[in-house]
Amino acid sequence: MKPIDSGRIAVVVLGLVLFPTAPALADDPERLEADLRAMFGGHGSVELGEVSGALLRSRATAEDLVFETDEGERLRLARYIVNGDYDSPDEVILEGLRIEDGLTELPLMSAERIVLGEPSRAVFPLYGDLVPEDVSFGSLAIDDIVIDLASELAEELFQGAAFRGSEGRLTIARVRGESLAHDAIGMLEITDVAGTGQDLDDLGNGSFTLGSLRLEGLAGLDGDQEESLALLALRDLDIASDRLVGTLAALDLDGDFGDGSGGLSLEDFHVDLARMIALAPEEERTRLRMASNVLTDGSGELRLDAAFLGDWEEEGGRSVLSSESRVTAHDALRLLFDIELPVVLPDGVAPADVFADSDLLEAATLLGGDLHLTLADQGLFARLATLGAAMEGVTEAQYIEQLRTQAQGFGMMFGAQVQSILMGLVDLLEGSASELAIDITLPAESNLATWTDDPLGVPDKLSLSVETR
């Protein structure tokens, strides 16, 4: 028996540690080259530079890929890298992506670097029998995207979206994503977006920038189930076009009521009405300036903050649904609207379902409830009185007295409660009050049909109080 060669064993063990999958990797470069050539399904010609594997890790790399489409477009790719097991890659990296017009060589789209984390396959064919269920990524990272909005490529990318058919340029500094599939997105964040051009959908001609847009928990993309979105967060939107000039500091949407709360908030929305009116057709400017003066006290600067928030709690076999709404038009008015509804929901319906689909309330039993509305004047009502009097050709005192008479007449038709609300609005116009508060208490048991079947009888079924101050 030959003695054991400890040195040879050490070499073998070291080789297994350093190159555990080396034999299986031998054909990875050949597979990558074959898949890249087949990627385009014969709809053009493919050229490849060097295709190689790595010695110290499981990697296959193809360089200098050029694909000429039958339609005259050219795709260039500096490197295509597959890291990890070829059949189940850790990541796929595309570097130096550029799509250009085959004749002019003008760029239609480019991206500095794309990283697909844990993709469902190493190469995704653009043509063939690949079904959506076969496409998924654990993560996504794209840097420095540039898109020519006038190209057919952009029209395909934004099919059904705002920039389809536009002319101009769109740049995106970063895209990051997690858990992406055909029917759902775990997270997608787009950072530092800028666009400029013509026919930007409702924006018209001009430019815009966006600090960031983040989506979380987006489901139902395949249409098999209702679409839902857990979170949307938008930051620092700035638009300057011939149809809209304005900024928005923040918009937050919490669509996941599973934790008991959610809603929408809008922070520092600013619209330059004066500039927009100057760009409007001449025959429309007088009417628009009139509306702007009433809303902004002549400044032409409309500023809004708003929040529409809801939450729910379980209490002894019933659910308490609450909502808080706040809208402030600076230098115009402030509206506060609070609701608290104890309800018994149908079997199988959770409170979170009601916030997602308000129609479910039709089958719920309302166990009383309170609604509180506060309307605070910050200058709007005085300007409305001045405008109304000017349009009627009377003094403000005469105009307000006409409205007071009309409010009394409506009260005779619809009852004292309706009259008290209308008289409160007249007090705001007159300036004898700056705030109108309405408190409503629902009866001990009712449902939505109680109110919708007999709308004229609604005031008699409520406990309502009106206060001006």
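Helices (H or I, at least four residues) and strands (E, at least two) are DSSP runs, numbered from the N terminus. The model is a predicted one, in which local features need pLDDT of at least 70 and side-chain atom pairs count only at pLDDT 80 or more, while totals for chains, interfaces and linings use all residues. Residues are numbered from 1 along each chain as its sequence is written, and side-chain values use heavy atoms, with hydrogens and water left out.

Ala78 sits in strand S4, which covers residues 73–83. With a relative accessibility of 24%, Ala78 counts as partly exposed (buried is under 20% relative accessible area, exposed over 50%, partly exposed in between, with a 1.4 Å probe and protein chains only). Apart from neighbours within four places in sequence, Ala78 is in contact (heavy atoms within 4.5 Å) with Ala62, Glu63, Asp64, Glu95 and Gly96. Between Ala78 and Glu112 the C-alpha to C-alpha distance is 9.7 Å, at 34 residues apart in sequence.

The protein chain has twelve helices and 20 strands. Its radius of gyration is 32 Å, well over the 23 Å that the globule rule gives for 469 residues, so the chain is more spread out than a compact globule; the radius is taken over C-alpha atoms, and the rule is 2.2 Å times the number of residues to the power 0.38. Along the principal axes, the C-alpha atoms fill a box of roughly 115 × 60 × 40 Å. Of the 469 residues, 36% are buried.

Helix H3 (residues 28–38) has Asp28, Pro29, Leu32 and Leu36 buried. Viewed down the axis of H3, these buried residues fall within an arc of 100 degrees, so they line one face of the helix; the arc is that of the directions from the helix axis to the C-beta atoms.

A pocket is an open set of points on a 1 Å grid over the protein atoms alone, where a 1.4 Å probe fits, with protein on both sides within 12 Å along at least five of seven lines; lining residues have an atom within 4 Å of a point. The second largest pocket has a volume of about 660 Å³, volume being the space filled by probe spheres set on the points, which are joined across faces, edges and corners. Its lining comprises 29 residues, with Phe257, Val354, Phe355, Ala356 and Asp357 nearest the centre. Helix H7 (351–356) and strand S11 (228–241) are among the elements that each supply at least two lining residues, and H7 gives the most, with five.
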